[in-house]
Amino acid sequence: MTKAGALCRIVLTLGLVLTCSTEAQATKAPPRPAEQTGWGGGVSSVDPDATAAGVEVLRRGGNAVDAAVATAAALGVTDPFSTGIGGGGFLLYYDALTGRVHTIDGRETAPAAANPDLFVENGAAMPFDDARTSGLAVGVPGNPATWQTALRRWGTLSLSGALRPAEMLARRGFVVDETFNRQITQNAARFADFTSSRDLYLPGGNAPAVGSTFRNPELADTLGELARTNLASLYGGAIGHDLVQAVQHPPLAPESKRAARPGGMTVSDLRNYRTTAPEATQIRYRGLDIYSTASPSGGATTGEVLNIVENTDLRKASETQYLHRFMEATKLAFADRSQWVGDPAFIDVPARELASQRFADSRACLVSATKALPAPVSPGSPRDPKPCATTGDQVLPSAEEERTTHLVVSDRWGNVVSYTSTIEAEGGNGVVVPGRGFLLNNELTDFSFTPTVPGDPNLPAAGKRPRSAMSPVIVLNRGKVLLAAGSPGGATIITTVTQLLTQRLDRGKSLLEAIAAPRVSQRNSAVTPAEPAFLASPERAELERLGHQFSSTPEIGAATAIELLPDGRWHAVAEPVRRGGGAARVAVPSF
């Protein structure tokens, strides 16, 4: 999602607190280049205002974590249908001083009232749309706790300083573009059913016009309150009480006919929320170290895909064979994901085995150069891998929404943040917390509604984190950053990230070319979604002769990335077209 919008001029005062000039006006957009190269670090996100917030922090002396939090909070203002205070995510951090990679799991958790039948009615799974637009779908949000945790561990700004640009952006506004308008229009029926959502996003009954200035003073006040209370107002205080009221009693409009089921979240659930810091996943690929976040995120599956394709020299493969083997690898890895990946606090995830080359080799031997595997395929046995063996039943893919956001940030010292966050569906559960200006998530619909495999690892439970495809990555070469990347897109995140990495590391494409390349997303289904440009390629017919079938989808993912060049400059890259194009900037451009 992108918009135009002017961010107020940021001034760094003593104590590294950010304030804003009163002369700033929301009259024009910051620059929105798809790529930029230079010194002092860089920022890439889907939105020019958010990227501008992060870059300004870097220019005023902040580090990558400071800038990442400022960027993420600003995305909650300008990309509110994908992320924000009401959501969660996974953050990956490279510390240049120690050469270590750290993680923060800020995934939402199910409230204490949740049980395996959370989305079961009359003995059957409730319709997905009914579950999505309900209080039942709302998980305890983790984004604000992620910001605070990151700043306390590695940042230099206070929470107040890091949130100030977003607060001022929400108060002063930004100019509505076609993407922002379209996202509201696509959700207008849902937003109209809730008084708070209708009042904010459908003034006069219509989405804000393209070119108009959109302001969200209630969100500005909320951000200020979060800063003043160091999040206590959310995790047990006044904001938290308002959030719980919206979950337990969705603010339905009197004329609405929607049966918005109430949820069981309480203020105690908010008070008890904690981020975690699991060890990052790590694999070796072509002599490089590739890190991502641990289960229940998509890091393990991302690593498995790369381990499977490492058996093929993708540099020398034809384009058809490259795509064929890539899709077969993601097909197999998604079967394993459904069987083995969940919240490790609740199930025994074979994390090391899933990341092992031995297991990947046992899956890779199923891949034929001349014929696609019939989908869905059965999972493998990571703890007892045997060549070409499978175990259990065929695994059908689960439904996962596709609206998320990703940002990458680097700084002058070489630190890097790769951070994916979300409220799940576009517009979350459709409910703006009354008086607070932010949307609730529908993250709990990432759980399996009913068992999809024997011993399903992803059924709801009190305090459990639902499985996620979010897969921020950082690639190191001999302990130094080579690149960092990630993408939104629900389950397509894993295929987008691995396609981007193989295009860049194996196929010789520039980072911009790898991001812009037509995408395909095989997730263990009989038919593979693909973008129109992919379907128009000459390889389509050759792949169909191998047994692949395709369906058309307008776009897959919206990646952002940054790489460190041999001369020490940073090369920041964003989508040139998808979601209206992103924004990639560096602190000091080189010309």
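What is the volume of the second largest cavity? In this predicted model, in which local features need pLDDT of at least 70, side-chain atom pairs count only at pLDDT 80 or more, and totals for chains, interfaces and linings use all residues, the second largest cavity has a volume of about 80 Å³. Residues are numbered from 1 along each chain as its sequence is written, and side-chain values use heavy atoms, with hydrogens and water left out.

Cavities and pockets were located on a 1 Å grid over the protein atoms alone, a cavity being a set of points where a 1.4 Å probe fits but cannot get out, and a pocket an open set with protein on both sides within 12 Å along at least five of seven lines; lining residues have an atom within 4 Å of a point. Grid points are joined across faces, edges and corners, and a volume is the space filled by probe spheres set on the points. Helices (H or I, at least four residues) and strands (E, at least two) are DSSP runs numbered from the N terminus. In the classes used for linings, Ala, Val, Leu, Ile, Met, Phe, Trp, Tyr, Cys and Pro count as nonpolar, Asp, Glu, Lys and Arg as charged, and the others, Gly among them, as polar.

The second largest cavity is lined by 14 residues, with Thr281, Ile283, Ile290, Gly299 and Gly303 nearest its centre. Two or more residues of this lining come from each of β10, β11 (288–292) and α12 (299–309), and α12 gives the most, with six residues. By class, the lining of the second largest cavity comprises seven nonpolar residues, six polar and one charged. In the loop between β11 and α12 lies proline 296, and the peptide bond from serine 295 to proline 296 is cis, with omega near 15°.

Four cavities of 30 Å³ or more are counted in the model, and the largest cavity holds about 90 Å³ of space. Its lining consists of 16 residues, the closest to its centre being Gly76, Thr83, Gly84, Ile85 and Phe438. The elements that give two or more residues to this lining are α2 (64–78) and α9 (217–229), with α2 giving the most, at three residues. The lining of the largest cavity has eleven nonpolar and five polar residues but no charged ones.

Valine 432 is placed in the loop between β13 (416–422) and β14 (473–477) and, at 2% relative accessibility, counts as buried, where buried means under 20% relative accessible area, exposed over 50% and partly exposed in between (1.4 Å probe, protein chains only). Glutamate 424 lies in the loop between β13 and β14; this residue is buried at 4% relative accessibility and has a positive phi near 85° although not a glycine.

One disulfide, defined as a pair of cysteine sulfur atoms within 2.5 Å, joins cysteine 365 to cysteine 388 with an S to S distance of 2.1 Å. Both cysteines, 23 residues apart, lie in the loop between α15 (357–364) and β12 (404–411). Cysteine 365 is partly exposed at 34% relative accessible area, as is cysteine 388 at 37%. Proline 376 is found in the loop between α15 and β12, and a cis peptide bond with omega of about 5° joins alanine 375 to proline 376.

Strand β18 (residues 560–564) is largely enclosed by the rest of the structure, because four of its five residues are buried. With pairing taken as at least two DSSP bridges between two strands, β18 pairs in the antiparallel sense with β15 (residues 480–486) over four bridges and with β19 (residues 570–574) over five bridges. Alanine 484 stands opposite isoleucine 562 in β18, and threonine 560 opposite alanine 574 in β19.
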